[in-house]
Amino acid sequence: MKQKKLRKSFLLFLSFCIIFQVFLMIKSVVKAEEGEQRVYDEAGLLRDFEIEEIEKKAIKAEDKIETELYIVTTKDTKGRTSEEYAENFGRENGFGYQRQEGSYIIFLIDMQNRMIWISTSGRAKAEIGAKEVDDILDEIYMDISKGDYYQSCLSYLKMSEKYLKNTNLLSNPLVCLAIAASVGGIVTGVLYSQASSKMTAQARDYQVQGEFRVNQKSDLYVRTTVKSRKIETESKNMPPKGERKEGGNGGGGRHF
């Protein structure tokens with residue numbers, strides 16, 4: 001009877017994990033169906049079906065890398081550099097994974113200055129350094145130098161996911177199922193072991209035959225000594241909470 005109850009508990013636990021993972025996958029699909037914008041083609045370089053395909057691929061990748069992926073094209077930077085335009089675009093539109101100013105990447109195609117620019121923010125800025133940015137630009141440049149803007153966007157998505165793909169292992173259904181099965185197996189084993197074990201020791205096993213003696217012990221309170229010390233406060237040179245010591249996004253660019 002106990003074995004059946006334990007087996008039932010394990011199956012319920014495993015079913016819950018599977019349902020939770022399905023919920024995460026449905027959530028990702030719903031995001032795509034809601035039509036969240038990831039492409040801002042102000043320069044008119046992409047066709048409608050290309051934009052739709054890029055946005056589907058971007059949203060699908062985002063929950064794996066916990067970073068939003070954007071493509072922006074323009075013919076007029078309004079007097080700003082490519083870097084300034086991309087950074088301001090992200091800030092003004094409140095980009096960021098699950099929160100404003102969270103992790104995101106912008107791939108800007110600046111037709112006015114003939115410049116491609118990668119702008120990184122949040123965790124993406126911390127994890128994608130100069131070498132990784134150069135690698136992404138190398139891959140993009142191969143396509144954009146041929147005038148293939150659509151393929152350059154796909155290359156950007158592929159390379160961005162490559163450098164951030166290992167950040168969220170729990171987004172992988174197989175990993176979740178493996179963890180659930182392992183935890184469930186351990187819990188079931190422990191419960192089964194406890195349920196099947198019996199108390200073998202009795203009080204008489206600890207009693208010397210023919211003797212029964214109670215020893216009385218008492219503690220005598222003497223005094224308490226309290227020591228105090230001054231707790232140092234934060235240095236006056238430390239910035240106040242909420243203040244950002246460094247501003248701006250990471251990234252880099254290249255003329256084409």
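How many salt bridges does the structure hold? There are 14 salt bridges, a salt bridge being a side-chain nitrogen of Lys or Arg within 4 Å of a carboxyl oxygen of Asp or Glu.

This is a predicted model, in which local features need pLDDT of at least 70 and side-chain atom pairs count only at pLDDT 80 or more, while totals for chains, interfaces and linings use all residues. Residues are numbered from 1 along each chain as its sequence is written, and side-chain values use heavy atoms, with hydrogens and water left out.

Select Arg38 and Glu62 to begin. Their closest N and O atoms lie 2.5 Å apart in a salt bridge. This pair joins distant parts of the chain, 24 residues apart: Arg38 sits in the loop between α1 (2–33) and β1 (39–41), and Glu62 in helix α2 (residues 48–65). Helices (H or I, at least four residues) and strands (E, at least two) are DSSP runs, numbered from the N terminus. Arg38 is buried at 3% relative accessible area, and Glu62 is buried at 0%; buried means under 20%, exposed over 50%, and partly exposed in between (1.4 Å probe, protein chains only).

Next, select Lys56 and Glu52, whose side chains form a salt bridge at 3.6 Å, N to O. These two are separated by about one helical turn because they are 4 residues apart in helix α2. Lys56 is partly exposed at 45%, as is Glu52 at 46%.

Finally, select Asp138 and Arg254, which meet in a salt bridge (2.7 Å, N to O). Here helix α5 (residues 130–144), holding Asp138, is linked to strand β5 (residues 250–255), holding Arg254, and the two residues are 116 residues apart. Asp138 is partly exposed at 37% relative accessibility, and Arg254 is partly exposed at 24%.
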